[in-house]
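User: Please examine the model shown below and discuss its aromatic contacts, strand pairing and pockets.

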Amino acid sequence: MVIVYRSNTGFTREYAEMLGRAEKIKVYSVTEAERSLESGTEIFYMGPLMAGHIEGVDQAVKRYQVRGVCGVGLSPSGRQVLETISRANYVPNAPIFYLQGGWAPKKVGWLQRRMVGMATRGLRQSLQQKRERTPQEQRQLELLLRGGSCVAFRNLTPLLEWLKKQEG
């Protein structure tokens with residue numbers, strides 16, 4: 001199995017490369033995979049979320065044997081996010097994972113900045129109006145307002161555990 005990823009702002013690429021190094025698995029961007037991998041190759045696919053959809057997953061499912069999928073997005077990890085992306089992305093017989101990546105407003109076009117701004121307006125406003133915020137709420141507000149990265153090796157734990165089970 002190899003890792004194939006699509007990344008718009010670099011967060012998915014960072015996770016894919018981290019996971020590849022940790023598990024000694026080859027990592028390919030979608031473009032590299034199209035040139036190098038045969039149709040039907042077993043892959044683990046990673047892509048950024050756009051409105052709940054993992055970008056490129058449909059094409060990956062058509063071309064490769066997708067063993068697992070991971071969406072990378074702006075929201076903190078949690079059961080609700082995972083349930084939402086599991087409903088929005090059809091991947092037959094493969095588990096779906098989620099990792100919080102970050103927000104890089106300077107690396108995306110105005111349309112995507114505007115879409116994210118509209119999608120997160122309510123959350124931003126509610127966090128700004130709170131008199132006291134938890135450390136997690138403060139980090140989320142700063143991420144929404146200024147951008148930043150939440151990429152960390154410790155976030156890969158569920159993926160690493162799943163990959164270990166695949167080996168045995």
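This is a predicted model: local features need pLDDT of at least 70, side-chain atom pairs count only at pLDDT 80 or more; totals for chains, interfaces and linings use all residues.

Analyst: Residues are numbered from 1 along each chain as its sequence is written, and side-chain values use heavy atoms, with hydrogens and water left out.

User: Is the pair of Phe44 and Trp162 stacked, edge-to-face or tilted?

Analyst: Rings of Phe, Tyr and Trp (its six-membered ring) pair if their centres lie within 6.5 Å; planes under 30 degrees apart count as stacked, over 60 as edge-to-face and the rest as tilted. The structure holds three such aromatic pairs. For Phe44 and Trp162, the centres are 5.6 Å apart and the planes meet at 45°, so this pair is tilted.

User: How many residues apart in sequence are the parts that the pair of Phe44 and Trp162 ties together?

Analyst: Helices (H or I, at least four residues) and strands (E, at least two) are DSSP runs, numbered from the N terminus. Both Phe44 and Trp162 are buried, that is, under 20% relative accessible area with a 1.4 Å probe and protein chains only. Phe44 lies in strand S3 (residues 42-50) and Trp162 in helix H7 (residues 157-167), so the parts tied together are separated by 118 residues.

User: Which residue in S5 stands opposite Phe44?

Analyst: Two strands pair if DSSP finds at least two bridges between them. S3 and strand S5 (residues 65-73) pair in the parallel sense over seven bridges. Opposite Phe44, S5 places Gly68.

User: Which residue in the turn between S3 and S4 has a positive phi?

Analyst: S3 pairs with strand S4 (residues 53-54) in the antiparallel sense over two bridges. The two strands form a hairpin with two residues between them, and the turn residue with a positive phi, of about 55°, is Ala51.

User: Which element gives the largest share of the lining of the largest pocket?

Analyst: On a 1 Å grid over the protein atoms alone, a pocket is an open set of points where a 1.4 Å probe fits, with protein on both sides within 12 Å along at least five of seven lines; lining residues have an atom within 4 Å of a point. The largest pocket holds about 690 Å³ of space, a volume being the space filled by probe spheres set on the points, which are joined across faces, edges and corners. Of its 33 lining residues, those closest to the centre include Leu49 and Val116. The largest share, six residues, comes from H5.

Note on methods
Buried means under 20% relative accessible area, exposed over 50%, partly exposed in between (1.4 Å probe, protein chains only).
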